[in-house]
Amino acid sequence: MRIAYARVSTADQSLNSQLDALEKFGFDRIYTEKASGGKDDRPELAKALDMLREGDTFIVYKLDRLARSTLKLIETLDSLKRKGVEFVSLSDNIDTSTAAGKAMFGMMAVFAEFEKSIIHERTVAGLNAARARGRKGGRPMTDKKKLDKAIKLHQSGEFTVSQIEEMTDVSKGSLYRELNRRKQRATKTDNNSSEPLQTH
């Protein structure tokens, strides 16, 4: 089976050019959505990937429709390879069912590994520089105003955690840690207020 996926980043963008190219190539089923490439919660992409079986082909118009970073892209393509699924990117002339496509995939994997090692080196260098200046490494403190805003957005129930992360620059981990802290604080306060008065 040929399964296609098309995505635009915002609601006012059109999928037409992608759909035209994908229809010309041919597919049995297509999944489309309007969502930022940086978001992890892309339900239509998840459905498309879940539908794929050994021997199927997964088609996109362009590589950046699938992922925004090389590392994330390679991670997804590796998953397809393990499932025995071929991959086609129309604009990038990649087709892993051909020798040239397989070679291109191998080159991308090398670049992804290079990118990963560069990120690691920068992280280590940054930690060493911080220690040399007398600061401990680890997570930077999250701005309190941003954290308060993130909490309010979360409590409104109108936004996903990923949307809140984009709007406030507060990471998911920081948000969940603060929610836990506040929950524990509230529980402790409730327990203290419910303790019976001691009489002597």
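1. A nonpolar core is a set of buried Ala, Val, Leu, Ile, Met, Phe, Trp, Tyr and Cys residues joined through side-chain atoms within 4.5 Å; buried means under 20% relative accessible area with a 1.4 Å probe, protein chains only. In the largest such core here, which has 18 residues, Phe58, Leu66, Leu77, Leu80 and Phe87 touch the most other members. Two or more residues come from each of β1 (2-8), α2 (43-51), β3 and α3 (70-83), and α3 gives the most, with three.

2. A word on what you are looking at. This is a predicted model, in which local features need pLDDT of at least 70, side-chain atom pairs count only at pLDDT 80 or more, and totals for chains, interfaces and linings use all residues. Residues are numbered from 1 along each chain as its sequence is written, and side-chain values use heavy atoms, with hydrogens and water left out.

3. Now the overall layout. The chain has seven helices and five strands (DSSP runs numbered from the N terminus: helices are H or I, at least four residues; strands are E, at least two). Of its 200 residues, 28% count as buried.

4. Next, the sheet. Its five strands follow the order β2-β1-β3-β4-β5, in an open sheet with mixed pairing (two strands pair if DSSP finds at least two bridges between them). β2 (29-34) and β5 (94-95) are at the edges with a single partner strand each, so one side of each has no neighbour in the sheet. Strands β1 and β3 run parallel and are joined by four bridges; Ala4 stands opposite Ile59 in β3.

5. Which residues does Leu80 contact, leaving aside neighbours within four places in sequence? They are Leu49, Leu52, Phe58, Val85 and Phe87, where contact means heavy atoms within 4.5 Å.

6. Two of those residues deserve a second look. The whole structure holds one aromatic pair (rings of Phe, Tyr and Trp, the last by its six-membered ring, pair if their centres lie within 6.5 Å; planes under 30 degrees apart count as stacked, over 60 as edge-to-face and the rest as tilted). The ring centres of Phe58 and Phe87 are 6.4 Å apart and the planes stand at 40 degrees, so this pair is tilted. Phe58 sits in strand β3 (residues 57-60) and Phe87 in strand β4 (residues 86-89), 29 residues apart. Both Phe58 and Phe87 are buried.

How values were computed:
Buried means under 20% relative accessible area, exposed over 50%, partly exposed in between (1.4 Å probe, protein chains only).
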